[in-house]
Amino acid sequence: MFKNIVRSKWFGPTTGIFVLLFILPIFAPRFYVYVLALIYVTSLLAMSLNMVVGHGGMFQFHHAVFYGVGAYAVALMLTKTSLPMWIGFVVGPVVAAMTGLIIGWFCVRLTRLYFGMLQISLGSLIWAIVFRWYGFTGGDDGIHGIPMPSLISSLNRSYYFILIISLICVILMYMILKSPFGSTLQAIRDNPQRCEAVGVNIRRYQLGGIVAATFFAGVAGVLFVVLERSVFADLLFWVLSLEIFIMCLLGGWFTFAGPALGAAIIVALRTFVGKYTEYWTLILGVILILVIFFLPEGVMGFFQELFKPGMEEVTERGK
Amino acid sequence: MAFGSAELLCQLLVGISRSMILFIVCAGLSFVLGVLRIPNIAHGTLYMIGAFATFSITKMYAGSTGFWIALIVAPLLVAAVSLVAERALFCHLYQREHLMLLLFTFAISLILGDLVKIVWGAEYKSVSAPALLKGSISILGSSFPRYNLFLILIGPLVAIAIWLFTNKTKIGKISRAAAVDREMVGVLGINVSWVFAISFVIGCYLAGVGGALVAPTVSITLGMDHTLIIEAFLIVIIGGLGNMWGALVGSLIFGITHSYGVLFWPQFAIVFPYIAVVIVLLLRPKGLLKSVW
């Protein structure tokens, strides 16, 4: 597995980029460091969604719930309990994965649109509870000023923490998708009937995929708390879920790194365009329409088409 | 907690009247879902446009005539907006996969949402009910708003109108046929693209009717589309995708559980309908009534 990663022709450039990202905070202004960290968090979230949508072919319409649940779990652990802080960081993703298991258990019994709409409804139930339970979750005020361990208290330190953790998660996701489990998941996406015929328990694999993806969404939620030190109910709102969907679409469904690129583009645009206009969602809508009409395979997919010869090894989607 | 029977009855009626608005909106959503097989996320935004348009039209005319005019004009405006979106952009995408269509409706919802902000601003707006429907009547000693009574009367009328349209008119029958087997309808020499356009516009028109009717009962604000569309999705799912009567049953379940939730535990009132939905889905994952799919 590791040998394959090292031997890949992407290894060199990718390593170069990450070395650059590691030394960046030394000379970059604080604001850019913050935006970059936000991009890592969002990229991780988008890639975790793409595990089930792009590679698993499931209509995971309400992925933001698991992100929000992870963030709220760690926020509540850090503010309401006196347990060691690091336990909270572990609890976040675990709670998110458990939520994924419960919601996924209902959803995998259905397919496609029914799956997606059931997930929106179950996710909205969680949102409604978080939004209203003022005594516990702070309701629509959210929780602010969450204390952080001193190890990651400054922005630069949290930048490194977020970078390292997301990097580890991305490698783990890559390994999962390249493992027999990941291949089976992709086979189910391409032809569920045939998979069932050869004796694959489709639902169990799909549920496994959902649990894995929601775990990483929970990690992203924890990293969001590390960066922002606050949580609010909008993290669980379905509009965010669809925004992550847009990131995956923009980057490219059928590529591994595409969603990260999509997330980077969207976050950067929102940060820099949002400064000049209050009509950011209008721009997002126009971008989405342009992508749907002209770039249905996403930016990454577009470039793969462009440089197709010699790049078969990264094209995960057998056409 | 003890409540008198009059209070319980009143709350039931309030629930039913709210259900009627939900039903009108969901019937439109369900109709589009049945024929085009797309959960139209922009539906909620069109409903919001209907409410804002009602506000503007009511302000233009003195007295209560404005509201009655708005009730006719606002939905037509919404239908016009949807027709433009459908013919200019949407109709070129019918060959694409479902997810793209869904995301396209999301894009439309984002764009229209911000256009509403540009046109009407971010302040809260309110519309007063026409003089005829102002005030309240007394039911078993507790007062009940007249406007809600009007809603309870108008809901079944809309249901009958939709039923007559889908079952007794030619275009309605064609759209039902297209819902079941669109290739076959195309083979018979019918322009499926226009069937889709008409169905889409009719569905959106109903969203506009819902928006116009809801205007006097709530404060009209940005973001009212976001909560409504989720409620509408849930109702359509528990009713059975594309089934108009299912939308009615789903709306009643949703509206009544919500209104009793307000009575018994106001803080968590919005959670009750969701719990009802989860229970229904556990018992019948594909909805209460038969889906047209």
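User: How many helices and strands does the secondary structure of chain B come to?

Analyst: This is a predicted model, and the elements of chain B can be read along its sequence. The pattern runs α-α-α-α-β-β-α-α-α-α-α-α-α. The secondary structure of chain B therefore comes to 11 helices and 2 strands.

User: What is the radius of gyration of chain B, and how does it stand against the globule rule?

Analyst: The C-alpha trace of chain B spans about 60 × 50 × 35 Å along its principal axes. For 293 residues the globule rule gives 19 Å, and the value for chain B is close to this, so the chain is as compact as a globular protein of that length. The radius of gyration of chain B is 19 Å.

User: What percentage of the residues in chain B is buried?

Analyst: A residue is counted as buried if 20 or more other C-beta atoms lie within 10 Å of its own. Among the contacts in chain B with a separation of 6 or more, 78% join residues 24 or more positions apart. Of the 293 residues in chain B, the buried share is 51%.

User: Which element gives the most to the side of chain B that touches chain A?

Analyst: In all, 29 residues of chain B are in contact with 30 residues of chain A. Two or more residues on the chain B side come from each of α4 (98-120), α9 (224-239) and α11 (271-283) of chain B. By class, that side has 23 nonpolar, 4 polar and 2 charged residues. The element that gives the most, with 11 residues, is α4(B).

User: Is B:Ile238 buried or exposed?

Analyst: B:Ile238 is placed in helix α9 of chain B. Leaving aside neighbours within four places in sequence, B:Ile238 is in contact with B:Gly250, B:Ile253, B:Val277, B:Val280, B:Leu281, B:Gly287 and B:Leu288. With 27 other C-beta atoms within 10 Å, B:Ile238 is buried.

User: Why do the buried residues of α9(A) line one face of the helix?

Analyst: The buried residues of helix α9 (residues 180-190) of chain A are A:Gly182, A:Leu185, A:Ile188 and A:Arg189. Seen down the axis of α9(A), these residues fall within a limited arc, so they line one face. On the other side of α9(A), A:Pro180 and A:Asp190 are exposed. The arc that holds the buried residues is 120°.

User: Are α3(A) and α11(A) roughly parallel or antiparallel to each other?

Analyst: The axes of helix α3 (residues 30-53) of chain A and α11(A) come within 8 Å and cross at roughly 170°. Among the residues that make the contact are A:Leu38 and A:Leu45 of α3(A), and A:Phe216 and A:Leu223 of α11(A). By class, the contact has 18 nonpolar, 2 polar and no charged residues. An angle over 145 degrees counts as roughly antiparallel, so the two helices are roughly antiparallel.

User: Which residues of α15(A) are met by α12(A)?

Analyst: Helix α12 (residues 238-251) and helix α15 (residues 298-306) of chain A pack at an angle of about 10°, with their axes 3 Å apart. That angle makes α12(A) roughly parallel to α15(A). The contact has 4 nonpolar, 2 polar and no charged residues. From α12(A), A:Leu249, A:Leu250 and A:Gly251 meet A:Gly298, A:Val299 and A:Met300.

User: Which residues does A:Tyr159 touch, not counting those up to four places away in sequence?

Analyst: A:Tyr159 lies in helix α8 of chain A. A:Tyr159 is buried, with 24 other C-beta atoms within 10 Å. A:Tyr159 and A:Leu227 are 68 residues apart in sequence, and their C-alpha atoms are 7.7 Å apart in space. The residues that A:Tyr159 touches are A:Pro25, A:Val33 and A:Ala37.

User: Where is B:Arg37, and what is its phi?

Analyst: B:Arg37 is in the loop between α1 (5-36) and α2 (42-60) of chain B. B:Arg37 is partly exposed, with 16 other C-beta atoms within 10 Å. Although B:Arg37 is not a glycine, its phi is positive, at about 65°.

How values were computed. Residues are numbered from 1 along each chain as its sequence is written. Chains are lettered from A and ligands numbered from 1 in the order in which they are written. This is a predicted model: local features need pLDDT of at least 70, side-chain atom pairs count only at pLDDT 80 or more; totals for chains, interfaces and linings use all residues. A residue is buried if 20 or more other C-beta atoms lie within 10 Å of its own, exposed if 12 or fewer, and partly exposed in between; C-beta atoms are placed from the backbone. Helices (H or I, at least four residues) and strands (E, at least two) are DSSP runs, numbered from the N terminus. The arc is that of the directions from the helix axis to the C-beta atoms. The radius of gyration is taken over C-alpha atoms; the globule rule is 2.2 Å times the number of residues to the power 0.38. Two residues are in contact if their C-beta atoms, placed from the backbone, lie within 7 Å. Ala, Val, Leu, Ile, Met, Phe, Trp, Tyr, Cys and Pro count as nonpolar, Asp, Glu, Lys and Arg as charged, and the others, Gly among them, as polar. Axes are lines fitted to C-alpha atoms, for helices over the stretch in contact, and angles run from 0 to 180 degrees between N-to-C directions. Angles under 35 degrees count as roughly parallel, over 145 as roughly antiparallel, 65 to 115 as roughly perpendicular and the rest as oblique.
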